[in-house]
Amino acid sequence: VYVCGKDMDKNTVTVGPNEALMHTTLRADRWFWHTIPELTEPMRVLAKARSRMTEQPATVYPEENGFARVEFDEPQRAITPGQAVVLYDADTVIGGGTITEVL
């Protein structure tokens, strides 16, 4: 079994099989945009939600209050709140943010 979630307020840990670690969508904030001034419309990107993963096709959508939602084309393993997500255009970094929620 794997740790699939933690609830600090309730002092609980949720465990499950490897398949429970697979997700396609995340929300992030504290974005730093490198090649654009800000995200104003959906954009096709390559994205990494783990440092050792290969960049994966995704679409990033702007949301209110500085948040953005990243939707991967295929499920990704172990996307984790508190970690960084980095967006690329080929080998150029577009920007990055901090994962706040896995959807």
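How much space lies in the largest pocket? The volume comes to about 350 Å³. This value, like those that follow, is computed from a predicted model. The largest pocket has a lining of 13 residues. C4, G5, I79, T80 and P81 are the lining residues that lie nearest the pocket centre. Among the contributors to the lining, strand β1, residues 2–7, gives the most, with 4 residues. Empty space of this kind is found by rolling a probe the size of a water molecule over the atoms.

The strands come next. A closed barrel is formed by 6 strands. Their order is β3-β6-β5-β4-β7-β8, and the pairing is antiparallel. From one strand to the next, the twist averages 45°.

Strand β3 covers residues 22–33. Strand β6 covers residues 68–77. The two run antiparallel and are joined by 6 bridges. Within this pairing, T25 stands opposite E71 of β6. A28 faces A68 of β6 in the same way, standing opposite that residue. Strand β3 also pairs with β8, residues 92–102. Here too the strands run antiparallel, with 6 bridges between them. W33 has its bridge partner in β8, namely G95.

Strand β5, residues 56–62, is joined to β6 by 5 bridges. This pair runs antiparallel. Y61 stands opposite R69 of β6. The side chains of these two residues also meet in another way. The charged end of R69 sits over the ring of Y61, at 4.5 Å from the ring centre. Elsewhere, the charged end of R27 sits over the ring of F67. In that case the distance to the ring centre is 4.3 Å.

Strands β4 and β7 form a further antiparallel pair. Strand β4 spans residues 43–48, and strand β7 spans residues 84–89. The number of bridges that join them is 3. L46 has Y88 of β7 as its bridge partner.

Aromatic rings were examined for pairing. The structure holds 1 aromatic pair. W31 and W33 make up this pair, and their rings are stacked. The ring centres lie 4.8 Å apart, with 5° between the planes. That angle counts as stacked because the cut-off is under 30 degrees. Are the two residues buried or exposed? W31 has a relative accessibility of 14%, and therefore counts as buried. W33, at 17%, counts as buried as well. The limit for a buried residue is under 20% relative accessible area.

Backbone angles give two further sites. Most residues other than glycine have a negative phi. N65 has a positive phi, near 60°. This residue is found in the loop between β5 and β6. The hairpin of these two strands has 5 residues between them. N65 has a relative accessible area of 72%, so the residue is exposed.

A78 has a positive phi too, again near 60°. Its place is in the loop between β6 and β7. Is A78 buried or exposed? Its relative accessibility is 13%, so A78 counts as buried.

R77 is found in strand β6. Its relative accessibility is 38%, so R77 counts as partly exposed. R77 and E55 are 22 residues apart along the chain. Their C-alpha atoms are separated by 13 Å.

Terms used. Residues numbered from 1 in each chain as written. Predicted model: local features only at pLDDT ≥ 70, side-chain atom pairs only at ≥ 80, totals over all residues. Heavy atoms only, no water. Phe/Tyr/Trp six-rings, centres within 6.5 Å; stacked < 30°, edge-to-face > 60°. Buried < 20%, exposed > 50% of the residue type's maximum accessible area, 1.4 Å probe, protein only. Lys NZ or Arg CZ within 6 Å of the ring centre and 35° of its normal. Pairing = 2+ DSSP bridges. Axes fitted to C-alpha atoms, helices over the stretch in contact; angles between N-to-C directions. 1 Å grid on protein atoms, 1.4 Å probe; cavity = no way out; pocket = protein on both sides within 12 Å on 5 of 7 lines; lining within 4 Å. Points joined across faces, edges and corners; volume = space filled by probe spheres on them.
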